[in-house]
Amino acid sequence: MKLTKVSAIAALGLLVTSCNSQLKKTSSLNNQIDSVSYAIGLDMASQLKTNFGDDLNKDVLIQGYLEGIDADSTSNLLIDQKEIRNVIMPYFQKVRMEKMQKQQEERAKKAEAEFGEYKKENEKFLEENKTKEGVKITESGLQYLVLKEGTGENPKATDKVKVHYHGTLIDGTVFDSSVEKNQPAEFFLNQVIKGWTEGLQLMKPGAKYKFFIPQELGYGATPRPGGKIKPFATLVFEVELLEIK
């Protein structure tokens, strides 16, 4: 929601609240202006409730509204008008993050119920795989096998890289492959899944590794809906680092 819209909603809410005891109520809408005015009031009140809920301190809100109405260049406001955006926007960012986190937790709980056995199957695969010859494991749980070493510098998380890759699930199902597309991929390492960000920093240009990425470093319980990757899937990638851009 834009700040101007939030401010307008809050202003109307404050006005109604602060003047409620003195408000001259009507039982009928006598003309178009009355109808439009009432409809705007209902709409803004609904949005005010949706965006703020019960979090607001109504007394302080009313004070801010009234002092803002009367403010001039000499007013002694508790918050400088230039700082209004800097006060309001972090609140909405926090609310948005909390809402997203709650949604992710709900989706994870649902996925656990539906894909619990699949999760165990992938965990078993990783337990058995880490004992195989040549497989190394990092502190985060990323497993990898060096197929060919490269030369030069290792990329940093902030670097852009060019790679060829072939991605499968533990049953061999191919879900993505630049090799099959015959088109190398380019991306910044800090803009992909954690397993890729970590794994590619172990490589040098010309190297080819095989990664076994646990779901915690992949897409977890919430992969893209409708795709081949199920919740809690282990991702198996053969990756060749072609170039650090």
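**View 1. Residues 94-128, the UniProt "coiled-coil region".** UniProt, in an unreviewed entry, places the feature "coiled-coil region" at residues 94-128; such annotations may be inferred rather than shown by experiment. In this predicted model, local features need pLDDT of at least 70 and side-chain atom pairs count only at pLDDT 80 or more, while totals for chains, interfaces and linings use all residues. Residues are numbered from 1 along each chain as its sequence is written, and side-chain values use heavy atoms, with hydrogens and water left out. The stretch 94-128 is 100% helix and 0% strand (DSSP runs: helices H or I, at least four residues; strands E, at least two). Its end C-alpha atoms are 41 Å apart.

**View 2. The largest nonpolar core.** This core has 26 residues (buried Ala, Val, Leu, Ile, Met, Phe, Trp, Tyr and Cys joined through side-chain atoms within 4.5 Å; buried means under 20% relative accessible area, 1.4 Å probe, protein chains only). Val163, Trp196, Leu200, Phe211, Ile213, Leu235 and Phe237 touch the most other members. At least two residues each come from β3 (160-168), β5 (185-188), α6 (194-200), β6 (208-213) and β7 (235-244). The most, four, come from β7.

**View 3. Surroundings of phenylalanine 211.** Beyond four places in sequence, the contacts of phenylalanine 211 include Leu142, Tyr144, Leu200, Met203, Leu235 and Phe237 (contact: heavy atoms within 4.5 Å).

**View 4. Threonine 138.** Threonine 138 lies in the loop between β1 (136-137) and β2 (143-148) and is buried, with a relative accessible area of 16%. Its side chain makes a polar contact with the side chain of serine 140 (3.0 Å); here a polar contact is a pair of N or O atoms within 3.5 Å, one able to donate a hydrogen and the other to accept it, and residues adjacent in sequence count only if both atoms are side-chain atoms. Not counting residues up to four places away, threonine 138 touches Tyr144, Glu198 and Leu202.

How values were computed:
Buried < 20%, exposed > 50% of the residue type's maximum accessible area, 1.4 Å probe, protein only.
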